Amino acid sequence: MRDPRYDILFEPVQIGPVKTKNRFYVVPHAISMGMSSMDEMVAYRKTRAEGGWGVVCIEETMIHETSDHAPLPDPCLYNDKHIEPISRIVAAVKEHGALAGVELAHAGASGPAAYYREHPLSPTAKFPHYFYNPISARTIDKQDIADFRRWYRDAAVRAKTAGFDIIYVYCAHNLSLLQDFLDTKTNKRTDEYGGVFENRVRLLRETLCDVKDAVGDSCAVAVRFAVEDRRRVSNITAQEDGRRVVEALADVPDLWDVNVSDWPWDSGSSRFFEEGQQEPFIDFVKKVTNKPVVGVGRFTSPDAMVSQIKRGILDLIGAARPSIADPFLPNKINEGRHDDIRECIGCNACTAEVMTSVRIRCTQNPSAGEEHLMGWHPENVPPADDPDKNILVVGGGPAGLEAAHTLAKRGYQVSIADAGSEWGGRLVRERKMPRLSTWGRVVDYRVGQLQTMVNVNMYLDSMLTAEDVAGFEADHVIVASGATWRGDGVGRNHDEPIPGHELPHVFNPENILDGKLPSGDVIVYDEDYFYMATVVAERLARAGCKVTYVTTASDPAPWTLNTLEMVHVINSMNEIGIEIVVGTSIVSISEGHVKTSRLLTGAEHIRAADAVVLVTGQISDDNLYHELVKKRDAGEIVSVERIGDCLGPGQIAQATRDGRKAGMQFGRQAK
Ligand code: FMN
């Protein structure tokens, strides 16, 4: 039963000529599938509509061959051939009573147009912002501007023919030709499209009017506009031109979808941004326009959503990541099932997918992106082949908990045991490290679910031996016993242990996670390349150590480029006073110092250090698994498999995916 406090979230909203059934709005977000994976795209969007969202948008959809983000496979509406495949997404979304939206886009100087090998366009010639392709975007001339307007109109008509209800003009993330016109850094023109504000906003106004003219009779025309550029000093701020754009075009679009630029600030990870973090930038918009406003902010709490609406900040609650993590979030709020909400943890495993051009994934929701390929549904699971079968899961971390939950939902008798005194495996300690507390939701959600299920037994403080497991007489054993950080320095750059790693002043993440901290001048050495070394560095700096972060990579924590965190990681390390040394390997460790080597030149250097923390890799804790394999071969247990970090240490998103896979495949034909 719905809590009446949330009734307001289920009110319909009129957007131009169309009306939503509620205020839950899936904003455009790329899923990296592309036109050649249409079945996957259909299944992904359909699942969000099924989960109760009033609007489901598809991502940046390119209007012309002069614009793409190859190798990222954007959808496109370049020509009439694209209408039919895209219309299949629309039909699937509408089947569940949602409105379908499409974000028509031209990337301008931010897209190298590499797929079609065209020349990208820019208000003023320049290299693409975000790609290293050796091609300069050329200055768009008057004929190009006329063509550009025609491409937008034609793409809008195609979108209408495909059945979309909401058609966007895209002007955000510093990834749009229209935004490049607004920005004085990228627009140096001296004609009527450059110079004073009225000139710079001209093309956006013309495009919106063209699209309205073309499709506005039956489709709502939205603009996605980033009111503030948070990456760099810019004229686009919520006080200056960001505000003036909204004032100048106030009632031109039917809907304002407002956010901030660049992407690492818009999809800011939970390590650096709270729920609702965009409010101070976008809160003026509703005061300026009479049209409905949608905004974002990793909203998972219905109270926060209601507050946004009641305080007059937003009319519609936009969500990308919360809809990835829980496609059924609206239905669960509607049914009063708040404990069943799989809250986004803000880890940005999803953005890493776009950045690396592989299909979408999610730590909290392993079915994201697997709806078609694996046939996984976020809520529904196939029933047990035999509900009397009992399965033992050894290890209560992300992989084990997910496997146990999936199997229990399917109806099997599930026992899960962990050697520790708290559920969560690696997350027991990691969630206590700086900035990682939100990741604990991975544990809280699953433990909360398992504790309500009658077919589940949960055992903490249970260090099981192979004999214990055999004595359990389970029909199947899943080993999810995790991994341990290694302390010998073997990593991406070291195939052999680092000399001196065994000295007493050399630490590894296990020590830091256990609260055993060094003091004085500490070198944190990173060959892991994701979050752990920088988190350790921050932990030690906050404990009073003078920290130097050294890595063999050319950037600090390079994988965090993909989670959109690198810029924030670097800024925070600078703020805390952590020295950053890149492209440098530790050759050996002695008491009081380390010998380092510059990777490119081989130049060696002695650095003073009271202590060293080696963050170079993890080793699977798979002894139990191997003992159980022997028992299986001896006929003492029926079957055994290993999952998660026990199989191969990696991201938590991989662990939950492994858990889901094990849970889904037991008793069924392997897919
Ligand atoms: N915004 C767009 O305007 N177009 C996109 O194609 C797009 N792709 C995204 C892909 C992913 C995986 C994510 C997480 C975000 C993307 N965004 C895109 C930004 C989101 O629409 C949204 O503004 C941002 O994630 C903040 O909302 P959230 O906190 O609800 O995730």
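Predicted model: local features only at pLDDT ≥ 70, side-chain atom pairs only at ≥ 80, totals over all residues.
Residues are numbered from 1 along each chain as its sequence is written, and side-chain values use heavy atoms, with hydrogens and water left out.

The axes of H20 (residues 532-542) and H21 (residues 566-576) come within 11 Å and cross at roughly 20°; such axes are lines fitted to C-alpha atoms, for helices over the stretch in contact, and angles run from 0 to 180 degrees between N-to-C directions. Helices here are DSSP runs (H or I, at least four residues), numbered from the N terminus. Where the two helices meet, Thr 534, Glu 538, Ala 541 and Arg 542 of H20 touch Val 569, Ser 572, Met 573 and Ile 576 of H21, contact meaning heavy atoms within 4.5 Å.

On the scale of the chain, an automatic or database domain assignment gives domain 1 (4-356), domain 2 (390-482 + 621-665) and domain 3 (487-619). The C-alpha centres of domain 1 and domain 2 lie 40 Å apart, and 14 residues of domain 1 are in contact with 11 residues of domain 2. Between them these two domains bury about 1100 Å², 53% of it on carbon and sulfur atoms, where buried area is the accessible area (1.4 Å probe) that two parts lose on being put together, summed over both.
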